[in-house]
Amino acid sequence: MATGDSRNGNGADAATGDGGIQTVVTEKDMQSLRALEGKLLTTLTLWEDSLAYGDEDEVVPETERIFFDCDLYLADRQLLEVYGASAYFDPDGEPLQGMEVITEALGELAEGGNVVAEVGSDAEDGLVLVFAADDEATMIMAVSGWVLSTWDELPDYDE
């Protein structure tokens, strides 16, 4: 897992995907997103800052952050860029809080042989991803915005 600042691993500006960042799951979007179900999470790139905090007048301390942006590199060269995401271990629980906790949990997700077990939407038509390993749910990710595309090459973590 790597961290970055404004560009995805393929050098494309994150905010200029096909049609821009999607924020509401439509029926058409759901058809495309459901194709991700069963795909192995190959790796991910967690960004240092989240668009969710871009308009804040005051800086939110890292220990209080619940939102993050990352690129999810999936099998079959599928790339899902997620923005303003929050992660949960329990669907009825609170989101993970603090960048150290989030980074550790996402690192385990990337290294744990996880697949996208389910793609859905919440009451506000926001994207929800459920990850699983060995048929056991490992993480739920609520996503405020996303861009679905393909990746050309995996990020190089030696840089």
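1. Start with K39. Its relative accessibility is 17%, so K39 counts as buried. The cut-off for buried is under 20% relative accessible area. Keep in mind that this is a predicted model.

2. What does the side chain of K39 meet in a salt bridge? The partner is D76, at 2.7 Å from N to O. The pair links distant parts of the chain, 37 residues apart. K39 sits in the loop between helix 1 and strand 2 (41-47). D76 sits in the loop between strand 3 and strand 4 (78-88). Is D76 buried or exposed? D76 counts as exposed because its relative accessibility is 56%, and exposed means over 50%.

3. How many salt bridges does a search of the whole structure find? The count is 2. Besides K39 with D76, the side chains of R34 and E37 meet in a salt bridge of 3.7 Å, N to O. R34 has 44% relative accessibility, so R34 counts as partly exposed. E37 has 33% and is also partly exposed.

4. Now the overall layout. The chain has 2 helices and 8 strands. Read along the sequence, the pattern is β-α-β-β-β-α-β-β-β-β. The chain has 159 residues, and 44% of them count as buried.

5. D29 deserves a look. D29 belongs to helix 1, which covers residues 27-34. D29 is buried, yet has no salt bridge. Which side chain of opposite charge is nearest to D29? That is K28, 6.9 Å away. A salt bridge needs a side-chain nitrogen of Lys or Arg within 4 Å of a carboxyl oxygen of Asp or Glu. D29 does have a polar contact: its side chain is joined to that of T26 at 3.0 Å.

6. D71 is another buried aspartate, with 2% relative accessibility. Where does D71 lie? Its place is strand 3, residues 68-74. The side chains of D71 and W47 are joined by a polar contact of 3.4 Å.

7. Check the surface for charge. Which residues form a negative surface patch? They are E100, E104, E108 and E111. Take E100 as one of them. E100 is found in helix 2, which spans residues 99-111. Its relative accessible area is 68%, so E100 is exposed. A patch takes residues with over 30% relative accessible area and no salt bridge, and the 68% of E100 clears that area cut-off.

8. Finally, check the backbone. Most residues other than glycine have a negative phi. R77 has a positive phi, near 60°, and is not a glycine. R77 is found in the loop between strand 3 and strand 4. At 41% relative accessibility, R77 is partly exposed.

9. D134 also has a positive phi, near 50°, in a residue other than glycine. Where is D134 found? Look in the loop between strand 6 (127-133) and strand 7 (136-143). D134 counts as exposed because its relative accessibility is 76%.

Note on methods:
Residues are numbered from 1 along each chain as its sequence is written. This is a predicted model: local features need pLDDT of at least 70, side-chain atom pairs count only at pLDDT 80 or more; totals for chains, interfaces and linings use all residues. Side-chain values use heavy atoms; hydrogens and water are left out. Patches are made of residues with over 30% relative accessible area and no salt bridge: like charges are joined within 9 Å, nonpolar side chains (Val, Leu, Ile, Met, Phe, Trp, Tyr) within 5 Å. Accessible areas come from the Shrake-Rupley method with a 1.4 Å probe; for residues, only the protein chains shown count as cover. Lys and Arg count as positive and Asp and Glu as negative; His and the chain ends are not counted. The place of a charge is taken as NZ of Lys, CZ of Arg, CG of Asp or CD of Glu. Helices (H or I, at least four residues) and strands (E, at least two) are DSSP runs, numbered from the N terminus. Buried means under 20% relative accessible area, exposed over 50%, partly exposed in between (1.4 Å probe, protein chains only). A polar contact is a pair of N or O atoms within 3.5 Å; within protein, one must be able to donate a hydrogen and the other to accept it, and residues adjacent in sequence count only if both atoms are side-chain atoms.
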